[in-house]
Amino acid sequence: MQLQVKCNDQSWTFRRPLSKLTMKKILKRLPYRISNLPNMFTFQYLDFDGDMIDVTCDADLQTIRECQFFNEVVTLYVQQAKQGGFKKEQVGHRRENRKDHIKEIVNQRVMELIPEITKQVKLSIAADDVQKQIETLSINNTTNVEVKDVKKVVHERVACDGCEMFPIVGTRYKCAVCKDFDLCEKCEDLGTHEHAMLKIRNPGQAPSIIITAIGDKPDLLQENNLRNYMNSAYQSFQSITQSTPVPFPLDISSIQKEQLQTPESIIYRSTNPIVVELCELLGVRPEVAETLLELFPNQGAKEIMEIIGDDVEYLNSLQRSTI
């Protein structure tokens with residue numbers, strides 16, 4: 001059962017059922033819902049006989065509930081009274097107090113949050129400054145890297161045997177053992193290649209040939225030891241023959257020239273075809289050709305010639321060491 005209150009042309013139906021309403025609750029809520037409520041008023045309801053019955057207390061509400069239990073809505077009519085009855089509560093003053101109270105609570109909360117807000121703003125500003133510094137450093141580093149990349153040397157017609165970069169940009173590393181094997185900076189830094197590498201910064205530093213002796217073969221005689229050996233051999237020869245002294249030191253170029261003039265006298269002393277071919281190509285004695293073949297056992301005569309053909313000084317040292 002719901003309760004409806006009517007005052008002239010205005011009405012209001014309470015959401016709560018009549019069984020949960022009291023006169024105090026009705027008087028408290030009514031001024032907020034009916035604007036033309038008189039300052040002094042009474043409540044009346046229409047009974048079954050058509051008479052208007054005054055409602056002044058909770059007992060009267062209980063009587064209404066018991067007598068009109070079959071009605072879904074019970075209507076109370078507001079009648080203006082000159083004296084006695086109920087007095088309208090002043091809601092305007094309460095609303096103002098409520099607004100002031102809410103404003104005071106909000107201001108108090110804001111004052112409590114101001115230090116934290118200030119702290120967060122400072123942290124945000126500091127974070128923005130750090131981010132700007134990071135971006136600036138990143139831009140500068142990127143610019144420096146780009147400038148360094150622009151200044152890097154390019155090795156024309158040379159490819160990296162690791163990542164296949166062509167041409168190699170930057171420092172070139174050439175294997176001292178393998179034939180035609182080059183690496184770029186990144187691939188050489190991995191350290192996967194087994195042999196020693198030559199570091200070539202500029203293309204002009206690249207050697208025309210590289211000669212490397214590996215394995216268990218004995219090292220060649222050094223220049224000083226070779227001279228001592230030749231001096232002792234020369235003195236022994238002089239003491240044995242007691243002949244006219246031969247001019248010393250020997251002119252190796254004249255020996256090589258003499259051999260080049262008469263290759264037929266030295267070519268057929270060896271039966272190895274590679275030795276014979278080396279003698280023909282390089283114009284050296286069979287002993288020198290055999291030494292070269294020992295140094296390069298897996299190479300042919302033409303390949304050996306391509307490796308050391310232009311190194312006259314090395315050929316001369318071999319000539320002297322095999323005398």
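Author: What follows covers helix contacts, then cysteines. This is a predicted model, in which local features need pLDDT of at least 70 and side-chain atom pairs count only at pLDDT 80 or more, while totals for chains, interfaces and linings use all residues. Residues are numbered from 1 along each chain as its sequence is written, and side-chain values use heavy atoms, with hydrogens and water left out.

Reader: At what angle do H8 and H10 pack?
Author: About 40°, with the axes of H8 (residues 273–282) and H10 (residues 301–308) 9 Å apart. Axes are lines fitted to C-alpha atoms, for helices over the stretch in contact, and angles run from 0 to 180 degrees between N-to-C directions. Helices are DSSP runs of H or I with at least four residues, numbered from the N terminus. That angle makes H8 oblique to H10; under 35 degrees counts as roughly parallel, over 145 as roughly antiparallel, 65 to 115 as roughly perpendicular and the rest as oblique.

Reader: Which residues in H8 and H10 meet?
Author: Ile274, Glu277, Leu278, Leu281 and Leu282 in H8 meet Ala301, Lys302, Ile304, Met305 and Ile308 in H10, where contact means heavy atoms within 4.5 Å. By class, the H8 and H10 contact holds eight nonpolar, no polar and two charged residues. Ala, Val, Leu, Ile, Met, Phe, Trp, Tyr, Cys and Pro count as nonpolar, Asp, Glu, Lys and Arg as charged, and the others, Gly among them, as polar.

Reader: And how do H8 and H9 cross?
Author: The axes of H8 and H9 (residues 286–295) cross at roughly 115° and come within 9 Å. H8 and H9 are therefore roughly perpendicular to each other. On the H8 side the contact includes Val275 and Cys279, and on the H9 side Pro286 and Leu292 are among the residues. The classes there are nine nonpolar, no polar and one charged.

Reader: What does H9 meet in H11?
Author: Val288, Thr291, Leu292 and Leu295 of H9 meet Tyr314, Leu315, Leu318 and Gln319 of H11. Six of these residues are nonpolar, two polar and none charged.

Reader: Is cysteine 279 buried or exposed?
Author: Buried, because its relative accessibility is 2%. Cysteine 178 is partly exposed at 27% relative accessible area. Buried means under 20%, exposed over 50%, and partly exposed in between, with a 1.4 Å probe and protein chains only.

Conventions. Helices (H or I, at least four residues) and strands (E, at least two) are DSSP runs, numbered from the N terminus.
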